Amino acid sequence: MNIENIEAFVYVIHYGNFNKAAEALYVTQPSVTSRIQSLERELDCQLFIRNGKKIVITDKGKHFLPYAQHLLQTYQKAKLKLQEKKALPNEIRIGCTLSASNYMIPKVIMEVRRRYPELQFRVITASTEEILKKLLNKEIDFGFVRRITHPNIHSVKIHEDPIRLFGYEGHPFVGREDIPLEELGKQSLVFFECGSLDWMRIHRMFESLDSPPRLEYQVDNMETAKKLVLDGAGICFLPTLYVETEVNAKKLYPIRIASLPNVYLQTHMISLNEGYNSIFEELSEISKGIH
């Protein structure tokens, strides 16, 4: 089966007509038509119904589409692998947020180094906005950041960490089940502000209470927030991954609040659109499997 024929079929579906598909493939419209006809002969079925300039995919075409997409993606991935194995970079430059640097990146780069012992790494820690700027300026190759969008970047979600309320040993909430949300108003709260949209949901939850909790400590550093809770300053909403060690050591305890919305801290891996390649794919797959 000719991969160019399959590519033409997928592009025609995506763009909705033969002319636009031809432009995207840098070939002529008759060439696309010829490829589709060749594929139809090979499959012994009609893939499109043509009515002038309008085309409609047939039921047979709809059934074949997911297989065609899979075949094309597999071919493209294999091609990238073969091409880039020949020119593996000596160094990978990674930008990451402080939380990713502390809890994710060491495991990721150690696994990559195990697979590619010749690789070297340069890791830069900065805010999501600074990492995006460095990526756009081509100062780094990849970034591990909070959720962000930009037309010039490719982004993949690699981790979604539940945000839960945690308390120290001896806090009156520890050991209780389904504590009413209203009882938060009587507690001292350490609030870690990360600026994500998910964190805003917690803000809105506080605003719905007649007696909001006392935000006695507002910090922009997760380690500071965690240390304050460990020292008994208050309770705090924190991503589960970042307190895993303390929870296992029974130094911090999850607190279950009734009617608490599901809130998550997302980590995304980003690259320039032109920098999306098999190395990106492998790094992102390793990162997804770390947790």
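Predicted model: local features only at pLDDT ≥ 70, side-chain atom pairs only at ≥ 80, totals over all residues.
Good morning. I begin with Phe48, which has its place in strand 1, residues 48-51. Helices and strands here are DSSP runs numbered from the N terminus, with at least four residues (H or I) for a helix and at least two (E) for a strand. Residues are numbered from 1 along each chain as its sequence is written, and side-chain values use heavy atoms, with hydrogens and water left out.

Is Phe48 buried or exposed? Its relative accessible area is 1%, so Phe48 is buried. The terms are defined with a 1.4 Å probe and protein chains only: buried means under 20% relative accessible area, exposed means over 50%, and partly exposed lies in between. Leaving aside residues up to four places away in sequence, Phe48 touches Phe9, Val12, Ile13, Phe18, Ile36, Glu40, Ile55, Val56, Ile57 and Thr58. Contact here means heavy atoms within 4.5 Å. Between Phe48 and Ala8 there are 40 residues in sequence, and the C-alpha atoms are 12 Å apart in space.

Two packed helices are described by the angle between their axes and the distance between the axes. The axes of helix 2 (residues 18-25) and helix 3 (residues 29-43) come within 8 Å, crossing at roughly 105 degrees. That angle makes helix 2 roughly perpendicular to helix 3. Helix 2 contributes Phe18, Asn19, Ala21, Ala22 and Leu25 to the contact, and helix 3 contributes Gln29, Val32, Thr33, Arg35 and Ile36. By class, the contact has six nonpolar, three polar and one charged residues. As for the terms, axes are lines fitted to C-alpha atoms, for helices over the stretch in contact, and angles run from 0 to 180 degrees between N-to-C directions. Angles under 35 degrees are called roughly parallel, over 145 roughly antiparallel, 65 to 115 roughly perpendicular, and the rest oblique. Ala, Val, Leu, Ile, Met, Phe, Trp, Tyr, Cys and Pro count as nonpolar, Asp, Glu, Lys and Arg as charged, and the others, Gly among them, as polar.

In the loop between helix 2 and helix 3 lies Tyr26. Most residues other than glycine have a negative phi. Tyr26, although not a glycine, has a positive phi of about 60 degrees. Tyr26 counts as exposed because its relative accessibility is 77%. Lys138, also not a glycine, has a positive phi of about 65 degrees. Lys138 is found in the loop between helix 7 (128-136) and strand 5 (142-145), and its relative accessible area of 49% makes it partly exposed.

Helix 7 also holds Thr128, which is buried at a relative accessible area of 9%. A polar atom of the Thr128 side chain lies 3.2 Å from the backbone nitrogen of Arg146. Beyond four places in sequence, Thr128 touches Thr97, Val145, Arg146 and Ile148.

Next comes His268, in strand 11 (residues 264-272). With 9% relative accessibility, His268 counts as buried. Which side chains make polar contacts with the His268 side chain? One is that of Ser155, at 3.2 Å, and another is that of Gln266, at 2.9 Å. A polar contact is a pair of N or O atoms within 3.5 Å; within protein, one must be able to donate a hydrogen and the other to accept it, and residues adjacent in sequence count only if both atoms are side-chain atoms.

Finally, the nonpolar cores. Such a core is a set of buried Ala, Val, Leu, Ile, Met, Phe, Trp, Tyr and Cys residues joined through side-chain atoms within 4.5 Å. The largest has 33 residues, of which Leu165, Leu184 and Leu238 touch the most other members. Strand 6 (153-168), strand 7 (188-192), helix 9 (222-230), strand 9 (235-239) and strand 10 (252-255) each give two or more residues to this core. Apart from this core lies another, of 20 residues, among them Ala100, Ile105, Val108 and Ile286. In strand 7 one also finds Leu189, which counts as buried at 1% relative accessibility. The C-alpha atoms of Leu189 and Asn19 are separated by 61 Å, the two residues being 170 apart along the chain. Thank you.
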